[in-house]
Amino acid sequence: MRRFAILNGSVRSAKPCGYVSYDPGEDMFSIEIDADAQERDVPMMLAPFVRRGERHIDPAWARRWVESRIVPASRQNLGAVLKAHELDSYEPFALLVAAEGRCAQDDFYIREVDDSHGETGEAQKDRIETQGKKVSAEIGAKLAKARIEAGVTQRELSERTGVHQAVISRVEYGRANPTIGLLEDIAAGLGKSIHIEIR
């Protein structure tokens, strides 16, 4: 049995909203939604189940969700997709794992977990990335608050600092990993200074 956490790449510090299990012998998928997950926390196809209070997704719907995240064999640029994921031939499950179930319809992806050996290297990497994203989100929220309190729009701040508005937006939404210099420039545009505290 192989098990994969379902994660939302657009949410900082997000914990898995559920788990996909795959039984290779039976070629069967199942999905368990986390008890704390709300409709907004799960992929759209799984939201109706959460709305009805169902946490176990039956194999047919689990397969439907999984297959929606696998590049089809009819894809015009399939060769390039396989090459990008270092695959020699089209095998749906291998492609699902290699691409982490990422697709254009949303920001969700899957990451394999190993419950029998504690935290894996991947899990440790995820934890560190999650901590970094949490810090970015906190910085962004403080920046947005300071800008709003100053009565300055993102465009005005961009004009004051020479920092592109898109960059300011990404920083405020916690979607960037800003340098100290960038933060100092933005803070100066608000007449503020930054204070770094190591904890």
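This briefing describes the fold, the surface and a few side-chain contacts of one protein chain.

The structure is a predicted model, in which local features need pLDDT of at least 70 and side-chain atom pairs count only at pLDDT 80 or more, while totals for chains, interfaces and linings use all residues. Residues are numbered from 1 along each chain as its sequence is written, and side-chain values use heavy atoms, with hydrogens and water left out. The protein chain has eight helices and five strands, and a search of the whole structure finds eleven salt bridges.

**Overall fold and surface**

- Helices (H or I, at least four residues) and strands (E, at least two) are DSSP runs, numbered from the N terminus, and along the sequence of the protein chain they follow the pattern β-β-β-α-β-α-α-α-β-α-α-α-α.
- The protein chain has 199 residues, of which 33% count as buried; here buried means under 20% relative accessible area, exposed means over 50%, and partly exposed lies in between, with a 1.4 Å probe and protein chains only.
- The accessible surface of the protein chain comes to about 12500 Å², and 50% of this surface belongs to carbon and sulfur atoms; such areas come from the Shrake-Rupley method with a 1.4 Å probe, and for residues only the protein chains shown count as cover.
- Among the contacts in the protein chain with a separation of 6 or more, 47% are between residues 24 or more positions apart, where contact means heavy atoms within 4.5 Å.

**Salt bridges**

- A salt bridge is a side-chain nitrogen of Lys or Arg within 4 Å of a carboxyl oxygen of Asp or Glu, and one of them joins the side chains of Glu112 and Arg2, with 2.8 Å from N to O.
- Because Glu112 lies in strand S5 (residues 108-113) and Arg2 in strand S1 (residues 2-8), this pair ties together parts that are 110 residues apart in sequence.
- Glu112 is partly exposed, with a relative accessible area of 32%, and Arg2 is also partly exposed, with a relative accessible area of 31%.
- Another salt bridge is formed by Lys15 and Asp36, whose closest N and O atoms are 3.2 Å apart.
- This pair links distant parts of the chain, 21 residues apart, since Lys15 is in the loop between S1 and strand S2 (18-23) and Asp36 is in the loop between strand S3 (28-33) and helix H1 (47-51).
- Lys15 and Asp36 are both exposed.
- Glu54 and Arg52 also meet through their side chains in a salt bridge, at 2.9 Å from N to O; Glu54 is partly exposed, with a relative accessible area of 30%, whereas Arg52 counts as exposed at 52% relative accessibility.

**The surroundings of Arg147**

- Arg147 belongs to helix H5 (residues 121-149) and is buried, with a relative accessible area of 11%.
- The side chain of Arg147 reaches the backbone oxygen of Val152 at 2.9 Å.
- Leaving aside residues up to four places away in sequence, Arg147 touches Val152, Thr153, Gln154, Leu157, Glu172 and Leu190.

**The surroundings of Glu100**

- Glu100 is placed in the loop between helix H4 (92-98) and S5.
- The side chains of Glu100 and Arg111 are joined by a polar contact of 2.8 Å; a polar contact is a pair of N or O atoms within 3.5 Å, and within protein one must be able to donate a hydrogen and the other to accept it, while residues adjacent in sequence count only if both atoms are side-chain atoms.
- Not counting residues up to four places away in sequence, Glu100 touches Tyr109, Ile110 and Arg111.
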